[in-house]
Amino acid sequence: MSYINLFKIAVKAILSNKGRSFLSMLGIIIGVGAVIVMMAIGQGSKQSIREEIQKNGTNMLTIRPGADMRGGVRLDPSAMQTLKQVDYETILAEAKFVRMVSPEVTTSGQAVFGSNNTTSTCYGESPDYLRIKIWDVEEGVCFTEEDVKKSAKVCVVGATVVKELFPNGQDPIGKTIRFKSIPFRIVGVLKSKGYNTWGMDQDNVIVAPYTTVMKRLAAQTHYNSIICSAVTEELSDAAIEDLTTILRRTHKLKDGEVDNFTIRSQQEWMDTMSSTMDTITIILVVAAAFSLLVAGIGIMNIMLVSVTERTKEIGLRMSVGARGLDISNQFLIESILISLTGGILGVLFGGLLTWGCNAIIGYPAVIPAWSVIVSFAVCVAIGVGFGYFPAQKAARLDPIEAIRYE
Amino acid sequence: MEKKAVIELQDVRRDFQVGSETVHALRGVSFKIYEGEFVTIMGTSGSGKSTLLNQLGCLDTPTSGEYLLDGIPVRSMRRSQRARLRNRKIGFVFQNYNLLAKTTAVENVELPLMYNKEYNSRQRREAAVAALQAVGLGDRLEHKSNQMSGGQMQRVAIARALVNNPAVILADEATGNLDTRTSFEVLVLFQKLHAEGRTIIFVTHNPEIAQYSSRNIVLRDGKVREDVYNNNILSAAEALAALPAPQDD
C-alpha cells in the first residue's frame, strides 16, 4: 500500500481515538519540552558566561601559581607561592606583547564605617588593574603608582560596599573605612557591574594598592596571581609563549621540568566554562531524556492495545491481500505519527517554557536550532523503536484467527 | 472446448497438531471447479468445511497434496505471495460482513485495490463505484457502515469481493446473519453474478441454499461425501416474490 494511504489510515486511527492518542502523546510532549528547555538553559548560560568573560576584556591573561593540573591534586603548598616581585618586574621590563600588568593579592574580611559593616573582598592591585578589566571609576580617581610605592592606605570601592557602608547617601570620597582593622581612605567609587552569571556580586569589592594589601593585610611576599593585558586579542598566544619563557627563566626551571605556573587567556577561560556548561547540560538533558523513554513505552503500550482492538480489521486486510509488511507499515506509521505530533507539540511546549524562563524568571535561555531538529529525529526514532514490536505482532497475526476474533 | 478449471484440489490433506494428538481435518479431498460454476459446499460442523474454505482462500496451505488456483500451485507459496494471490484472484464474503467501521461504502469497497499498486486512486474509486452499482447500491456510495442495514452491508461486502474482478468469489455463510427476506435478496444477487459468468463458492450448512446453486459438494469427516450437479436450479427471485409481503410497522 502506498505511504500516502498508510498515512491517511494512521491519521484516521489517531483521530478516532482522540483522547487516548493525546494521552500517549502527552509523555512525548513533556519529554521533548523538558529536553528543549534544558538545552535552552544550557545554551543560554553558555552565551551569558561568554558575554560576561568578554566584558572583562578579551585580551586579558591570568598567570596563576602552580602547574596546570585541572581536576588533579596539588600536593606542594610552596608551589602556590611561586609568583614573586621579580616575576612582575621582569615582565614589566621585558615582556613584548603585554601592555599592562598588575600583580594581584586578595583577602576577604570585614569592612567597617561608623556603625555599619559588610563582608567584602579586598583586591590588592596596581593602577593598571582597572584598565585591564575595562572598569571605570565613576566618582573620584584611582590610586596611583606613587600610592603603590608608598604602600598608601587608599582604596577604590565597589557600589555594593558604598551602599552597605554609606546607607544614608553620604559621599564616600575622602571617608576612611576600616578593612580588617586597617584604615583605608576612599579615593574613588567604581562603576557598578552588577551580578555575574554565577550569581557573584561584582560590586562587593575594595581595590587597594597591592603593596598595601601584601604588607598590611595578607602579610605575604608572594602574589596570588598576576594579570596582564595582551596588546591585542590575536597576540594572546604569542604573549603567553613570551611570558612562559620569561617566567621559566626567573623561576630557574631546567629543561624538562614542568612549569610551576599557569597562564590562561580569556579564550581558554571561555572554553573551560563552556565545557563545564556542556557537561551540566548533558546531565540535565539525559535526565529529561529518560522521560522520553518512559513516553516511548507508553506509546508501545497503546499500540499493543490498538493492535488487539483491531485484530479483526487486520484479519480482513490480510484476507483481501495485505501482506505482513503492509500491516506492519500501517502500525509503524501510526506510532511515528503519534510520537512526531507529540514532538512538534513538545517543541512548542519547550518554546513556551523557555519564553517563561526568560520573561518570568529572567534566566537567559536560548533554544539552539539543532535541538529542535534532534528532537524531531528522536521522536521518529521513538516511533519506530517502540512501534516496531506492536507492528510485528500485528504483521504476524494469522489471518484465519484474526478475522474470527471477537 | 473444455472449460477452464479455476480450482483444482489434488488429494489435499490438512493435519493439525492439538497437544500430542494429530487431528486430520481434511483426509484427501480432490475436485475441480470450472469457470462459471456456482458451487455450494455443505457439511456439519467438524466436517472440515472451514478448513477447506481456508485452503480455497489461500489463507492456509495443505499438509500434503496440491491446490491449483487458476493454474497456480499454492502449497509451496510464501505468506506474502499468497497475500498477493488473494488480492488478485479471490473475493471474500464473510458471514458478519467485516466492513471497516466509520468508513464509507466506497472506501470499504476500495480496500482490496489499496493493496494493488496497479490501481491509482482515480481508477480505484471508479472500480469501487462500478462494483457498488453492480450490487444495486449506486445511491449509497458515501453511507458509512453503521448507517446501513444488514442486507446493505452484505451487499457492500459482495461489492468488495467483486472489485478486483476475482477468479472466484468465496462466500462463507454469507446469508447466515440475515433474515429470510434479506437472505433471498442476497441469493438473487449471487444468482445474478452467476448468470454473468462469475465463479462462486458458497460455504454453508443450510441445505436450502444448494437448490439455488449449480453444484453441491457435501463434506463429512474431512472427505467429499457427495458431489452432484443440480439440473433444476431454483430461482431465488421467484422464491423472494413468493414470500409474504414485509409487514410495515
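Is B:Gly176 buried, exposed or partly exposed, and how many other C-beta atoms lie within 10 Å?

**Figure 1. The loop at B:Gly176.** B:Gly176 is partly exposed, because 15 other C-beta atoms lie within 10 Å. The classes follow from a count: a residue is buried if 20 or more other C-beta atoms, placed from the backbone, lie within 10 Å of its own, exposed if 12 or fewer, and partly exposed in between. B:Gly176 sits in the loop between β7 (168–172) and α6 (180–195) of chain B. Helices (H or I, at least four residues) and strands (E, at least two) are DSSP runs, numbered from the N terminus. From B:Gly176 to B:Val23 is 27 Å, C-alpha to C-alpha. In sequence these two residues are 153 residues apart.

The model in all views is predicted: local features need pLDDT of at least 70, side-chain atom pairs count only at pLDDT 80 or more, and totals for chains, interfaces and linings use all residues. Residues are numbered from 1 along each chain as its sequence is written, while chains are lettered from A and ligands numbered from 1 in the order in which they are written.

**Figure 2. Chain B as a whole.** Chain B has seven helices and ten strands. Its radius of gyration is 18 Å, close to the 18 Å that the globule rule gives for 249 residues, so chain B is as compact as a globular protein of that length. The radius is taken over C-alpha atoms, and the globule rule is 2.2 Å times the number of residues to the power 0.38. Along the principal axes, the C-alpha atoms of chain B fill a box of roughly 55 × 45 × 45 Å. Of the 249 residues in chain B, 47% are buried. Among contacts in chain B with a separation of 6 or more, 69% link residues 24 or more positions apart. Two residues are in contact if their C-beta atoms, placed from the backbone, lie within 7 Å.

**Figure 3. Chain A as a whole.** Chain A has 13 helices and ten strands. The radius of gyration of chain A is 32 Å, well over the 22 Å that the globule rule gives for 406 residues, so chain A is more spread out than a compact globule. The C-alpha atoms of chain A fill a box of roughly 100 × 60 × 35 Å along the principal axes. Buried residues make up 42% of the 406 residues of chain A. For contacts in chain A between residues at least 6 apart in sequence, 83% join residues at least 24 apart.

**Figure 4. Where chain B touches chain A.** Chain B gives 19 residues to the contact and chain A gives 17 residues. On the side of chain B, the elements giving two or more residues are α2 (79–89) and α3 (105–114). α2(B) gives the most, with six residues. By class, this side of chain B has nine nonpolar, five polar and five charged residues. Ala, Val, Leu, Ile, Met, Phe, Trp, Tyr, Cys and Pro count as nonpolar, Asp, Glu, Lys and Arg as charged, and the others, Gly among them, as polar.

**Figure 5. Packing of α3(B) on α4(B).** The axes of α3(B) and helix α4 (residues 121–134) of chain B lie 9 Å apart, at an angle of about 115°. Axes are lines fitted to C-alpha atoms, for helices over the stretch in contact, and angles run from 0 to 180 degrees between N-to-C directions. The crossing is right-handed. A crossing is right-handed if the near helix is turned clockwise from the far one by less than a right angle, and left-handed if anticlockwise. Residues of α3(B) in the contact include B:Val106, B:Val109 and B:Leu113. Those of α4(B) include B:Arg124, B:Ala128 and B:Leu132. The contact of α3(B) with α4(B) has nine nonpolar, no polar and three charged residues.

**Figure 6. Packing of α9(A) on α11(A).** Helix α9 (residues 266–309) and helix α11 (residues 324–361) of chain A cross at roughly 140°, and their axes come within 11 Å. The two helices are therefore oblique to each other. Angles under 35 degrees count as roughly parallel, over 145 as roughly antiparallel, 65 to 115 as roughly perpendicular and the rest as oblique. The crossing of α9(A) and α11(A) is right-handed. From α9(A) come A:Ile299, A:Met303 and A:Val307; from α11(A) come A:Phe331, A:Ser335, A:Ile338 and A:Ser339. This contact has five nonpolar, two polar and no charged residues.

Figure 7. Most residues other than glycine have a negative phi. A:Ser181 is not a glycine, yet has a positive phi of about 75°. A:Ser181 lies in the loop between β6 (176–179) and β7 (182–190) of chain A. A:Ser181 counts as exposed, because it has 10 C-beta neighbours inside 10 Å. A:Ala219, also not a glycine, has a positive phi of about 50°. The loop that holds A:Ala219 runs between α7 (210–218) and β9 (225–230) of chain A. With 9 C-beta neighbours inside 10 Å, A:Ala219 counts as exposed.
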